[in-house]
Amino acid sequence: MSASILLSMAGGLGLFLFGMRVMSDSIEKVAGAKLRRILEIFTTNRFTGMVVGIVFTGIIQSSSACTAMVVSFVNAGLMNLYQAAGVIFGANIGTTVTSQLVSFNLSAYAPIILLAGVLTVMFCKNDRIKKFADIIIGFGVLFLGLSTMSGSMAGMREVPEIVNLMASLKTPLVGTLVGLLLTTVIQSSSVTVSIVLLLANQDLLTLQIAVYIILGCNIGACTTALLASMAGKKDAKRAALIHFWFNVIGTALLYMILFVAEEPVMKMIWAISADKGRFVANAHTIIKIFQVIVLFPFSNGIVKLSCLCVPGEDVKVSYRESYQLKYIGDKVVFNPATAVVEVVKELDRMASLASENLTRAMNALVTLDEEDISEVYEVEKNINFLNHAITDYLVKINQTTLPIEDLKSLGALFHVVNDIERIGDHAENVADAAKQRKETGIVLSREAQTELGELLDMVNKLIRYAIDMFARSDESHMKEVIALEDQVDAKEKDMQKRHVMRLTRGECSPEAGMLFSDIASGLERVADHATNIAFAIITADDE
């Protein structure tokens, strides 16, 4: 009898976890990119960040996912620690939405909800509607799992061993440890609180112990963010610690209050609760709101505490020491909602390396500095490494559950990484010309050097606009890019004509003329690649 009940309980838990995962993943696919932009735009101060954290977590039904995303944003430099603190505080309130939904006992409607979602997926041809149907299916499976668990728990009351086990949870410390361990294993405080809610509804847990288990859940919920930050930069680790210290300090404060006034607190929560399930859900919400109200004024102190725990700055690695990815790869925990953002940051970094290397190569062409020439070749090796590594990463994430809008942009990202790599190749070609000039004594006239410098200035300005547009997904410089691209084309044609005139007048050697013509043509092609990068954001929107 007890074995069949436990199997039923395990099956119900499996359905619940699977339903929550399907629902959360489907929401991220449909709205993940929009929610991410909301996070980027509306987190300029702690209060708006907190509101966004509440809404965001309430929608995706996971404070762990929200906090892990915040850690990724901090790691990518898109959010500072003070902004992250506000979002993390809000996420702690938003996570209580799940337990509130569970407490309303919608299990009776689960089969209808599930059937509606399945029929939509089977017969609807609109892919976007199908994605919304996946959310409905996840919601239905979640409540079907709840119904199964609730039924099995009703049978648990007839099993003495289980009743005795639950009765042994008497002390607050034991309850807190149980909540901490369960949440650490399941990786979701919402799931743990939902299980506690069902147990309380079946009189298998006392309400007092239920409250202390919830306090343990608070700390256990920090595990996901802490794990996500392990391979990140120091600020990412600090962001995870903000979540940890918020919950630890908040739990300690509540322990002190319950030690002094446990009975009045329990009566207050019971006064606004219709049954034991609602009591657990309300206790979860009240605990989180209390923690935020008390600790929000001290959020700067919590940020400073996290900085004390992780002191120092990240070590900057030079081009010559090693080639490595900064925002993506095996050393950074993968998060579907921020994967494309992190690729864009990596491409932005790669583009800056290529642009700086082009300027370095052009300087070497004039100065014939051996160290600059060598540096161009070293940086080009780094750019080639980034090209292969980012391309491999794009192939990898193309096979995962990215938000729909991010999937559309992947094709453009493949083109961008190729255009940046080609800019790097042109810098290497200029370094080859500088090396040839140094070895053979080719002389470039002052007029030729001035013209090349003017063309480089125009190309560099175009590259800066293009990188800025691409990195920020901002089309505000599009007119300038188009105008500059036309100006570069006209300038290059004019330079070629002047070059022919100098040749006919015997003012430069054929060798110098060929070198000048190749470099001018190369810079014009760099402008073309930069323009492609600028137009990539429009291509991504149209796909």
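**View 1. The crossing of helices α4 and α15.** The crossing of α4 and α15 is right-handed. A crossing counts as right-handed if the near helix is turned clockwise from the far one by less than a right angle, and as left-handed if anticlockwise. Helix α4 covers residues 81-94. The two helices pack at an angle of about 115°, and their axes are 10 Å apart. Axes are lines fitted to C-alpha atoms, for helices over the stretch in contact, and angles run from 0 to 180 degrees between N-to-C directions. From α4, the contact takes in Leu81, Tyr82, Ala85 and Phe89. From α15, Ser299, Asn300, Ile302, Val303, Lys304 and Cys307 meet them. Contact means heavy atoms within 4.5 Å. By class, the residues of this contact divide into 7 nonpolar, 2 polar and 1 charged. Nonpolar here covers Ala, Val, Leu, Ile, Met, Phe, Trp, Tyr, Cys and Pro; charged covers Asp, Glu, Lys and Arg; the others, Gly among them, are polar.

The model is predicted: local features need pLDDT of at least 70, side-chain atom pairs count only at pLDDT 80 or more, and totals for chains, interfaces and linings use all residues. Residues are numbered from 1 along each chain as its sequence is written, and side-chain values use heavy atoms, with hydrogens and water left out.

**View 2. The whole chain.** The secondary structure comes to 21 helices and 0 strands. Helices (H or I, at least four residues) and strands (E, at least two) are DSSP runs, numbered from the N terminus. Along its principal axes, the C-alpha trace spans about 105 × 55 × 40 Å. The chain has 543 residues, and 52% of them count as buried. Buried means under 20% relative accessible area, exposed means over 50%, and partly exposed lies in between (1.4 Å probe, protein chains only). Take the contacts between residues at least 6 apart in sequence: 81% of them join residues at least 24 apart.

**View 3. Helix α13 against helix α15.** Helix α13 (residues 234-271) and helix α15 (residues 299-309) pack at an angle of about 120°, with axes 9 Å apart. That makes α13 oblique to α15. Angles under 35 degrees count as roughly parallel, over 145 as roughly antiparallel, 65 to 115 as roughly perpendicular, and the rest as oblique. The crossing of α13 and α15 is right-handed. On the α13 side, Arg238, Leu241, Ile242, Trp245, Phe246 and Ile249 make the contact. On the α15 side stand Ile302, Val303, Leu305, Ser306, Cys307 and Cys309. The contact of α13 with α15 has 10 nonpolar, 1 polar and 1 charged residues.

**View 4. Two nonpolar cores.** The largest nonpolar core has 75 residues. A nonpolar core is a set of buried Ala, Val, Leu, Ile, Met, Phe, Trp, Tyr and Cys residues joined through side-chain atoms within 4.5 Å. The residues with the most contacts inside the largest core are Phe16, Phe89, Leu146, Ile195, Leu205, Ile242 and Val280. Ile195 touches Met9, Leu13, Met149, Met153 and Ile186, leaving out residues up to four places away in sequence. Another core, of 70 residues, lies apart from the largest one. Among its members are Ile328, Ile373, Ile390 and Leu462.

**View 5. Leu484 in helix α20.** Helix α20 (residues 478-504) holds Leu484. Leu484 counts as buried, at 7% relative accessibility. Its partners are Met458, Lys461, Leu462 and Tyr465, not counting residues up to four places away in sequence. Leu484 and Met458 are 26 residues apart along the chain, yet their C-alpha atoms are separated by 7.0 Å.

**View 6. Gln291 in helix α14.** Gln291 sits in helix α14 (residues 276-295). Gln291 is buried, with a relative accessible area of 1%. Leaving aside neighbours within four places in sequence, Gln291 contacts Asn218, Phe246, Asn247, Gly250, Thr251, Leu254 and Phe296.

**View 7. Helix α5 and its end.** In helix α5 (residues 96-103), 6 of the 8 residues are buried, so the helix is largely enclosed by the rest of the structure. The buried residues are Thr96, Thr98, Ser99, Gln100, Val102 and Ser103. Asn105 follows α5 and has a positive phi, near 55°.

**View 8. Two loop residues with positive phi.** Asp203 is not a glycine, but its phi is positive, about 60°. Asp203 is found in the loop between α10 (189-201) and α11 (207-220). Asp203 is partly exposed, at 49% relative accessible area. Leu368 is not a glycine either, and has a positive phi of about 60°. Leu368 lies in the loop between α16 (339-367) and α17 (370-397). Leu368 is partly exposed, with a relative accessible area of 21%.
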